[in-house]
Amino acid sequence: MSRIGKNPVTIPAGVTVEVASGVVTVKGKLGQLTQEFSDVTVKVEEGQVVVERSSDHKDHRAKHGLYRSLINNMIIGVSTGFTKELELVGVGYRASNQGQKLDLALGFSHNIVLEVAPEVILETISEKGKNPIVKLTSYDKQLLGAITAKIRNFRRPEPYKGKGIKFVGEVLRRKAGKSA
């Protein structure tokens with residue numbers, strides 16, 4: 001039995017979970033998320049969501065913990081939300097936003113302008129003497145992770161000077177340069 005899959009997910013106050021014909025719908029104060037599922041059964045009972053599998057087949061075992069984690073992330077997302085912060089490390093690296101458009105100056109000949117999905121709240125923080133920070137908040141963890149990965153891939157942190165876009169609090173493995 002999957003260790004993750006066998007744990008029930010508790011439903012907090014203000015969140016409703018509905019299961020109908022292979023689709024789980026979670027509604028909360030921040031929004032609504034849906035997820036299709038197969039090879040498992042999802043039941044809502046006594047303020048908890050229980051995920052059970054029909055057999056010990058390899059695919060069923062793999063999806064057991066997966067769908068339990070996805071449902072848990074959906075419930076956390078619509079009740080409290082998720083936040084990720086990216087830090088721009090480098091001389092002349094800047095970030096600004098107008099609404100849902102993120103404008104990044106990363107040392108290329110032109111600025112990079114990225115249109116962010118409306119489900120994500122975008123905020124840029126620029127203080128004198130500190131690196132610019134891009135703060136992204138959303139109720140959809142998968143969408144948030146995809147957008148932060150796309151932004152980070154514009155200029156990945158390099159191991160020698162540490163320049164690039166990194167997560168706040170991320171520790172980079174640094175390499176020694178050429179020894180003279």
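**Close-up views of a predicted model**

**View 1. The buried residues of helix α2 are Leu144, Ile147, Thr148, Ile151 and Arg152.** Seen down the axis of α2, these buried residues fall within an arc of 135°, so they line one face of the helix.

**View 2. Helix α2 can be followed from end to end, starting at its cap.** At the N-terminal end, Asp140 caps α2, with a side-chain oxygen 3.3 Å from the backbone nitrogen of Gln142. The helix covers residues 141–152, and at 1.5 Å a residue its 12 residues should span 16 Å; the C-alpha atoms at its ends are 16 Å apart, in agreement.

**View 3. A search of the whole structure turns up 1 aromatic pair.** Its partners are Phe37 and Tyr67, whose ring centres are 6.5 Å apart and whose planes meet at 70°, so the pair is edge-to-face. The pair links distant parts of the chain, 30 residues apart: Phe37 belongs to the loop between β4 (32–36) and β5 (40–45), and Tyr67 to helix α1 (residues 58–79). Phe37 is buried, at 15% relative accessible area, and Tyr67 is buried too, at 10%.

**View 4. The charged end of Arg155 sits over the ring of Phe108.** Look for a distance of 4.3 Å from that charged end to the centre of the Phe108 ring.

Methods
Residues numbered from 1 in each chain as written. Predicted model: local features only at pLDDT ≥ 70, side-chain atom pairs only at ≥ 80, totals over all residues. Heavy atoms only, no water. Helix = DSSP H or I, 4+ residues; strand = E, 2+ residues; numbered from the N terminus. Expected span 1.5 Å × (residues − 1). Buried < 20%, exposed > 50% of the residue type's maximum accessible area, 1.4 Å probe, protein only. Arc of directions from axis to C-beta. Polar contact = N/O pair within 3.5 Å; in protein donor to acceptor, adjacent residues only side chain to side chain. Phe/Tyr/Trp six-rings, centres within 6.5 Å; stacked < 30°, edge-to-face > 60°. Lys NZ or Arg CZ within 6 Å of the ring centre and 35° of its normal.
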